Amino acid sequence: MTSASRPTGDHHPTGAPHPAEARPAGDRPGADRPRSDRPGADRPGTRRPPAGPTGFADVGKHFGTVQALTGVTLDFPPGRVTALMGENGAGKSTLLKILTGDHRPSTGHVLVDGERVELRSPTQARALGIRIVPQEPEIVPHVSVAENVHVGALPTAAGRRLDRAELRRRTTADLERFGFSGLLDPELLGSDLTAAQRQLVEIMRALTGEAKLIAFDEPTSSLSEHETEALFALIDRLRAQGIAVVYVSHRMREIFRIADRIAVLRDGALVGVQDASRTTEGDLVRQMVGRDLSTLFERRAVATDRVVLDVRDVTTDHVRGVNLTVRAGEVVGLAGLVGAGRSELALALAGDLPVHSGSITLDGRPLPPGSPGRAIRAGLGLAPEERKDQALFLHRSIRENTSIAVLERLRRLRFVRRSAERDLARQYADRLRVRTPSVEQEVRTLSGGNQQKVVLARWLARRPKVLILDEPTRGIDVGAKAEIYRIIADLAEQGVALVVVSSELPELLGLADRIVVMQGGRVTGELSRAEATETAVLRLAMADDITTTTAPGAAS
């Protein structure tokens with residue numbers, strides 16, 4: 001990321017509580033966990049079958065004058081995976097919060113095992129067997145993975161001293177049981193975990209104890225393909241054990257891979273529930289956003305012959321001998337599997353990682369590496385992969401996040417003109433359709449799609465010549481994706497040279513004029529729009545010998 005977007009001490013990525021400040025013991029993850037060595041402790045799969053489903057009966061919810069949910073009746077049958085889909089703002093999060101006791105419905109009621117219940121707290125919901133794996137994990141930074149998983153139910157030896165040997169034994173057994181062995185070290189500190197490992201810890205927390213229903217909220221947003229498959233295998237086992245699973249995701253392939261049925265929300269109302277095997281992506285998109293999937297990637301080729309970014313033989317700690325050119329008005333996609341070096345290349349071009357050899361030329365002028373400030377002044381912007389951790393000041397306003405890269409333009413003498421700053425933020429909030437009542441709203445309260453628009457607003461205000469977008473639509477809904485695609489098309493028409501890093505192949509195939517494929521830190525090939533297919537891209541991304549690959553566009 002660039003220096004203009006680097007978080008400061010005002011930025012709190014996780015908000016994780018200190019153990020002493022954590023929830024009461026009964027409300028902590030794992031607090032009600034039955035142990036295999038306790039008398040009568042049941043293991044998953046040995047529960048008595050429920051008398052009826054868990055779900056909602058005519059649930060409505062309003063916040064003041066805003067109606068968030070209207071008359072939602074939906075059940076989650078045991079032993080089935082129900083996908084919950086809808087645009088941001090459709091009501092998915094509100095529905096989950098009612099199910100887990102964080103919100104109480106304004107009308108209607110919640111059913112647990114077919115019985116009407118009034119959930120007053122997450123503690124009560126957990127005691128009834130309802131669990132959620134949140135999108136944003138809460139990890140205690142200065143304690144181990146094992147302690148994070150079992151916080152609130154730590155084994156003790158004589159004198160209430162923590163029994164670390166028993167804790168490690170339990171955690172190792174859990175890792176084996178859940179299929180996460182080799183993905184997590186029980187002794188690793190919370191502060192040293194990757195985003196994917198943090199998510200796995202949160203999943204393990206939710207699986208402790210006897211669960212009737214487990215809700216996963218965007219669980220794979222930071223997981224690799226291998227980790228995702230491990231999660232899906234786990235969900236398959238939960239289904240076989242008769243546990244109801246709710247799966248919230250914007251990723252169509254995941255939905256069709258794991259779901260038995262799909263429920264779609266739109267504007268706070270349930271549009272319908274369908275069998276996953278009898279519906280299509282196009283059907284779901286039309287239900288969610290009211291338009292056809294084919295319209296998402298509508299853009300015309302506007303690339304010129306003028307090379308704006310020219311990368312020659314760039315080598316860093318993570319990439320080797322990379323060559324890349326991007327022309328004015330061109331969208332170049334960077335494809336590759338996890339570990340290919342795409343994000344590291346983006347960071348090196350933006351000056352955030354050192355370059356050992358090679359050259360970078362921007363608009364005909366050499367760009368000295370290793371300085372984010374020089375890259376920004378030369379006209380290069382980067383919207384990084386982890387927008388919350390790497391790009392946004394979450395506890396600052398939309399106004400402050402938008403203006404941070406152009407403060408010198410807004411200064412009079414030594415002071416920033418607040419009126420000019422507000423006008424700038426409003427201009428780009430309107431242009432990018434950021435859904436907010438005020439540019440003074442804190443960014444942390446926005447949906448993922450609107451947060452991404454604020455990152456883009458920052459760089460549009462800077463008027464870049466080159467804009468690198470790393471996973472620009474990760475974790476956002478189909479409607480927000482369509483708006484991001486429109487913004488990319490608009491920028492290309494204005495002559496901006498764009499590099500888009502994405503793990504979603506349909507996205508790259510729809511957006512890019514050319515696709516450059518990487519593996520193991522090297523470019524393995526390049527495909528024109530006409531040559532690019534999922535098969536061709538994957539063949540290059542998984543090439544065993546990058547010097548003998550025979551796929552179209554393979555590097556020689």
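**View 1. Strands β3 and β8 run side by side.** Strand β3 (residues 81–85) and strand β8 (residues 244–248) are joined by 4 bridges and run parallel. Leu84 has Val248 of β8 as its bridge partner. The model shown here, as in every view, is predicted.

**View 2. Six strands make an open sheet.** This open sheet has 6 strands, in the order β6-β7-β8-β3-β9-β10, with mixed pairing. Its edge strands are β6 and β10 (269–275), and each of them pairs on one side only. On average, neighbouring strands of the sheet are turned by 20° against each other, ignoring direction.

View 3. Is helix α5 enclosed or open to the outside? Of its 12 residues, 11 are buried, so α5 is largely enclosed by the rest of the structure. Among the buried residues are Ala196, Leu200, Val201, Ile203 and Met204. Gln197, Arg198, Glu202 and Arg205 are also on the buried list. The buried residues of α5 pack against the helices α2 (122–127), α3 (145–149), α4 (164–178) and α6. They also pack against the strands β6 (130–133) and β7 (213–217).

**View 4. The length of α5 can be checked.** Helix α5 covers residues 195–206. At 1.5 Å a residue, its 12 residues should span 16 Å. The C-alpha atoms at its ends are 17 Å apart, which agrees.

**View 5. Arg239 sits in helix α6.** This helix covers residues 225–240. Is Arg239 buried or exposed? Arg239 has a relative accessible area of 18%. Buried means under 20%, so Arg239 counts as buried. Leaving aside residues up to four places away in sequence, Arg239 touches Gly79, Arg80, Val81, Ile258 and Asp260.

**View 6. Phe56 and Phe76 form an aromatic pair.** The whole structure holds 2 aromatic pairs. Phe56 lies in strand β1 (residues 54–63) and Phe76 in strand β2 (residues 66–76), so the pair ties together parts that are 20 residues apart in sequence. Both Phe56 and Phe76 are buried.

**View 7. Strands β11 and β12 form a hairpin.** Strand β11 (residues 307–315) and strand β12 (residues 322–327) run antiparallel, joined by 5 bridges. Val314 has Val322 of β12 as its bridge partner. Between the strands of this hairpin there are 6 residues. In the hairpin, Gly321 takes a positive phi near 55°.

Notes: Residues are numbered from 1 along each chain as its sequence is written. This is a predicted model: local features need pLDDT of at least 70, side-chain atom pairs count only at pLDDT 80 or more; totals for chains, interfaces and linings use all residues. Side-chain values use heavy atoms; hydrogens and water are left out. Helices (H or I, at least four residues) and strands (E, at least two) are DSSP runs, numbered from the N terminus. Buried means under 20% relative accessible area, exposed over 50%, partly exposed in between (1.4 Å probe, protein chains only). Contact means heavy atoms within 4.5 Å. Rings of Phe, Tyr and Trp (its six-membered ring) pair if their centres lie within 6.5 Å; planes under 30 degrees apart count as stacked, over 60 as edge-to-face and the rest as tilted. Two strands pair if DSSP finds at least two bridges between them. The expected span of a helix is 1.5 Å times one less than its number of residues. Axes are lines fitted to C-alpha atoms, for helices over the stretch in contact, and angles run from 0 to 180 degrees between N-to-C directions.
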